[in-house]
Amino acid sequence: MRYIKIRGLLAVFIAITLVMANPLVAKAAVEELSIADAVAIATSKNPEVTSLKLQVDRANILRDDAADLVTFFSPDQLLVNPEGQMIVNSYEQLTIQLKTLKKQLESEQGRVEKDVVNAYTAALMAANDMEATKLTLAEMDQQKKLFDLAQGLGMVSTFDHNTLLRKVEQLEDGLKIQEKQYAASIATLRAFLNQSSDWDPVLTSQPVISEYPRQSLATEFTRAADQSVLMLGAQTARDLEQIKVYWPSFDGQDAYMDQIQRNVKDLEYEKTKRDTYATVEQLYHGMDALEMQIGLSQKQLEEKQRDLELKQLKYDLGMIPLRSMQPGVETLESAQNAVTKAQLELKSLQAGLAANKANYAYLTGQTVYSKTDWQ
């Protein structure tokens, strides 16, 4: 009997040991997620990308079949016979559709990358905001303990003590908002990667981009007109209508109605072009501003690091305290937190530039995600 009890206790001990040694037994392991892995997973699991790949395969087959049919007839038969005109017209339409589908596939892959980068950077920025708020809260929590003690000794007024408490409450409320913003970004990322609602990744990548070389705005406008997915749709619709100009007797279409439709597509194309140019210009100047902010933030970080070195020397010599009850007094802790907050601010600015670059590159048909922008 005693042996059975000892054996039972040993089994319980082994089970507890296994749980402690392997967290998967008690709780799902936290998964690390780099930006490269996020982009790869999202692209592979996106149904629209898969669908477009299949559509491209089908369009290739249909276009090849139409090409075979065109080569079967003589040029005279194709030009004179209405049925021949229909065959050539069908081949031209299928060629345009195939080209469009290939571009749509490329664009959809870029859109997925853009969306993932936006969600990933939004989560990073929310995490940075939370970290900065937590630093301030930790600093104020230590100050609150000193205020509690000082108030009991009559060294701090009730008004000052209550003011500090209200600031702490406001920061705690702000932290809750930031936590919700982080959760929303992770939820968006989770949806792109087709993960369950309890999936909570640890984001391991950080953007290191500080500038995004571009051509002149006029050149970027031209690139957008040629490569933008928005322009592609408008251009394709216009091209399909333009085909009818060369086949006035095609399928008995009324020439006047065809002309109206072509004019409508031309107007839609011009509107899309104007809207695209406006968005490109906004992003272009916005990234200029971000690059300037990053440069300024780097200088401010260097200044705060030099200030911390001086504060550390003063603290070692007993000239300043670690923390103080009096606001505005030099302390080592405030200098340390200032450096950390400056680092977080710089990271958030770089994340913002990475997101803007992704949006801009998608709009202008350039590489959306570049591993050199991240570490």
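**Aromatic rings: a guided tour**

Start with Arg214 and Tyr284: the charged end of Arg214 sits over the ring of Tyr284, 4.6 Å from its centre. "Over" requires CZ of Arg or NZ of Lys within 6 Å of the ring centre and within 35 degrees of the ring normal. This is a predicted model, where local features need pLDDT of at least 70, side-chain atom pairs count only at pLDDT 80 or more, and totals for chains, interfaces and linings use all residues. Residues are numbered from 1 along each chain as its sequence is written, and side-chain values use heavy atoms, without hydrogens and water.

Rings of Phe, Tyr and Trp (its six-membered ring) pair if their centres lie within 6.5 Å; planes under 30 degrees apart are stacked, over 60 edge-to-face, the rest tilted.

The whole structure holds 4 aromatic pairs. Select Tyr120 and Trp374. Their ring centres are 5.7 Å apart and their planes stand at 90°, so this pair is edge-to-face. Tyr120 lies in helix 5 (residues 82-152) and Trp374 in the segment after helix 10 (332-363), so the pair ties together parts 254 residues apart in sequence. Helices are DSSP runs (H or I, at least four residues), numbered from the N terminus. Tyr120, at 0% relative accessibility, is buried; so is Trp374, at 10%. Buried means under 20% relative accessible area, exposed over 50%, partly exposed in between (1.4 Å probe, protein chains only).

Next, select Phe221 and Tyr277. Here the centres are 4.5 Å apart and the planes at 15°, so the rings are stacked. Phe221 is buried at 18%; Tyr277 is partly exposed at 24%.

Finish at Lys114. Its charged end sits over the ring of Tyr362, 5.3 Å from the centre.

Definitions and conventions. Helix = DSSP H or I, 4+ residues; strand = E, 2+ residues; numbered from the N terminus.
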